[in-house]
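Let's take a friendly look at how side chains pack in this model. Have the sequence and the 3D view at hand as you read.

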Amino acid sequence: MSTSEKIARAYGVLVARGDKVTVRSVQREAGVRICEVAAWMREYAAGVGGDVPPAPDLSEAMSAMVASVWAAAWTRAAEQADEQAAVALDAARGGEADALEAAEQAESQRDDAVAVRDRALGELEVVRGELEQLRGQLETARQDAAVARAKAEESDRARVRAEATSDTLREVLDSLHETARKPGQSDQPGQS
């Protein structure tokens, strides 16, 4: 940017801000030497500073333009909001469908689990019944075994008694046979 352009720009900025335009203020804003600002102002600013026409009244045109821009922006924002709402609604419906499907699956799985549990409880009751029956049979078998043991002990005692009696009888018989083989007075021939 040339020096003249820097000065012109600085001059315009000061005027636009409503600051007091002096050689020193333009020089500070433009960042150039003061003699260059003074020469430029003598040449250009004298004609500018004099008769400046008033600014045109653009209020109606600006109002119409602002209203038009505002309406377009509002319409676009409404369209975007509608689009976002439609996307959100579709997502929510999809999520609702997924949630319903998951809930149905969970309910089905729960029903299956309840059925399995009920079958298992039924089987457990059958096993408990069989266990009680087996306990009864075991108790009967224990009682029978105790009775059989008692009978076996009694039988063993009876056998021992019978063996003792048999031994005694054998001894008596043996003794009688011995006596019968000895020639006794009555057993000898020729004697009456």
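Which residues make up the largest nonpolar core? Keep in mind that this is a predicted model.

## The nonpolar core

The largest nonpolar core has 10 residues in all: I7, A10, Y11, L14, V26, A30, V32, V37, W40 and M41. Three helices, α1 (3-17), α2 (23-30) and α3 (34-49), each supply at least two residues of this core. The largest share, four residues, comes from α1. As general background, nonpolar side chains tend to be buried together in soluble globular proteins.

Leaving aside its neighbours within four places in sequence, V37 is in contact with I7, V23, V26, Q27 and V32.

## Two aromatic pairs

How many aromatic pairs are there? The count comes to two.

Y11 and W40 are both buried, and both belong to the largest nonpolar core.

Why is the pair of W70 and W74 stacked? Their ring planes are at 25° and their centres 6.1 Å apart, and planes under 30 degrees apart count as stacked. Both residues lie in helix α4 (residues 59-181), four residues apart, or about one turn of the helix. Are these two tryptophans buried or exposed? W70 and W74 are both exposed, whereas Y11 and W40 are buried.

How values were computed
Residues are numbered from 1 along each chain as its sequence is written. This is a predicted model: local features need pLDDT of at least 70, side-chain atom pairs count only at pLDDT 80 or more; totals for chains, interfaces and linings use all residues. Side-chain values use heavy atoms; hydrogens and water are left out. A nonpolar core is a set of buried Ala, Val, Leu, Ile, Met, Phe, Trp, Tyr and Cys residues joined through side-chain atoms within 4.5 Å. Buried means under 20% relative accessible area, exposed over 50%, partly exposed in between (1.4 Å probe, protein chains only). Contact means heavy atoms within 4.5 Å. Rings of Phe, Tyr and Trp (its six-membered ring) pair if their centres lie within 6.5 Å; planes under 30 degrees apart count as stacked, over 60 as edge-to-face and the rest as tilted.
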